[in-house]
Amino acid sequence: MRLLLIEDNDRLAGFIAAGLGKAGFAVDQVATAADGEAALRSMRYEVVILDLGLPDADGLTVLAALRGRGDSTSVIVLTARDGVGDRVAGLNQGADDYLLKPFAMEELIARVRVQLRRPGGNLGLCLTQGNLLFDTVARQTRVAGQPLVLTRRELDALEVLMRRAGRVVSKVAIEEAIYAFGEELESNAIEVLIHRLRKRLQSAGADVVIQTLRGVGYLLADKTP
């Protein structure tokens with residue numbers, strides 16, 4: 001799941017990005033309203049984490065522009081402004097949640113997951129396909145009830161495929177979902193990742209298969225008898 005963090009405090013932004021990364025999210029970081037706007041126009045995000053005190057503009061201008069063009073991406077506002085009027089203004093502009101600084105990282109992660117589980121969101125509690133189960137909150141997978149240990153990247157790729165089971169997912173779509181902007185990766189990184197994931201599923205006895213459609217993408221489907 002790819003998130004956008006718009007926060008100009010470098011230390012805080014690094015702390016947030018690291019915490020969200022450990023929770024299994026890919027995070028793009030920008031420090032200004034202008035860069036946030038550019039990112040939102042060029043990439044689709046599951047959730048935006050938006051600071052209001054940006055150096056070039058009030059964060060609410062980013063929120064207003066987003067909602068003004070009909071974009072319903074979930075937005076969690078972060079701010080040190082604790083006045084009721086400020087919170088009301090943010091919610092009236094279309095914010096989905098409001099978190100006051102300072103805050104616990106665990107709370108922010110929980111609030112991100114709440115947004116992803118809301119109607120129309122992208123995070124169900126558990127995903128199932130055949131005898132494969134993925135608990136998206138605990139970030140754990142099981143095959144026929146037995147634990148299947150996967151790396152973070154393998155979990156990320158599997159989640160993307162399970163959410164679109166039966167449909168082709170392009171290599172680019174997988175890259176965009178699990179890697180943050182600027183992360184360096186080899187040209188064959190997705191191929192290697194999918195190959196490794198396919199072998200782990202096969203070894204565990206999963207009755208699903210990841211099919212490769214050359215030049216098109218990947219598809220998760222039930223094994224045929």
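A residue is called buried when its relative accessible area is under 20%, exposed when it is over 50%, and partly exposed in between (1.4 Å probe, protein chains only).

The model is a predicted one, with local features needing a pLDDT of at least 70, side-chain atom pairs counting only at pLDDT 80 or more, and totals for chains, interfaces and linings using all residues. Residues are numbered from 1 along each chain as its sequence is written, and side-chain values use heavy atoms, leaving out hydrogens and water. As for pLDDT, it is the predictor's confidence in each residue, from 0 to 100. The protein chain averages 88, and 93% of its residues reach 70 or more. Confidence is lowest in helix H4 (residues 84-92), with a mean of 71, and highest in strand E9 (residues 146-148), at 96. Where pLDDT is low, the predicted coordinates should not be read in detail.

Now for the sheet. Helices (H or I, at least four residues) and strands (E, at least two) are DSSP runs, numbered from the N terminus, and two strands pair if DSSP finds at least two bridges between them. Five strands make up an open sheet, ordered E2-E1-E3-E4-E5, with parallel pairing. Strands E2 (26-30) and E5 (97-100) sit at the edges with a single partner strand each, so one side of each has no neighbour in the sheet. Strand E4 (residues 74-79) is joined to E5 by four bridges, and Thr79 stands opposite Leu100 in E5.

Then there are the charged side chains. Side chains of opposite charge can pair when their charged atoms come close. Counting a salt bridge as a side-chain nitrogen of Lys or Arg within 4 Å of a carboxyl oxygen of Asp or Glu, the total is 17. One of them links Glu7 and Lys101 (3.0 Å, N to O). Glu7 belongs to the loop between E1 and helix H1 (10-22) and Lys101 to the loop between E5 and helix H5 (105-117), so the pair ties together parts 94 residues apart in sequence. Glu7 is buried, at 2% relative accessible area, while Lys101 is partly exposed, at 24%.

In helix H2, Glu37 and Arg41 are four residues apart, about one turn, and their closest N and O atoms are 3.4 Å apart in a salt bridge. Here Glu37 is buried, at 16%, but Arg41 is exposed, at 60%. Arg111 and Glu107 form a salt bridge too, with closest N and O atoms 2.6 Å apart.
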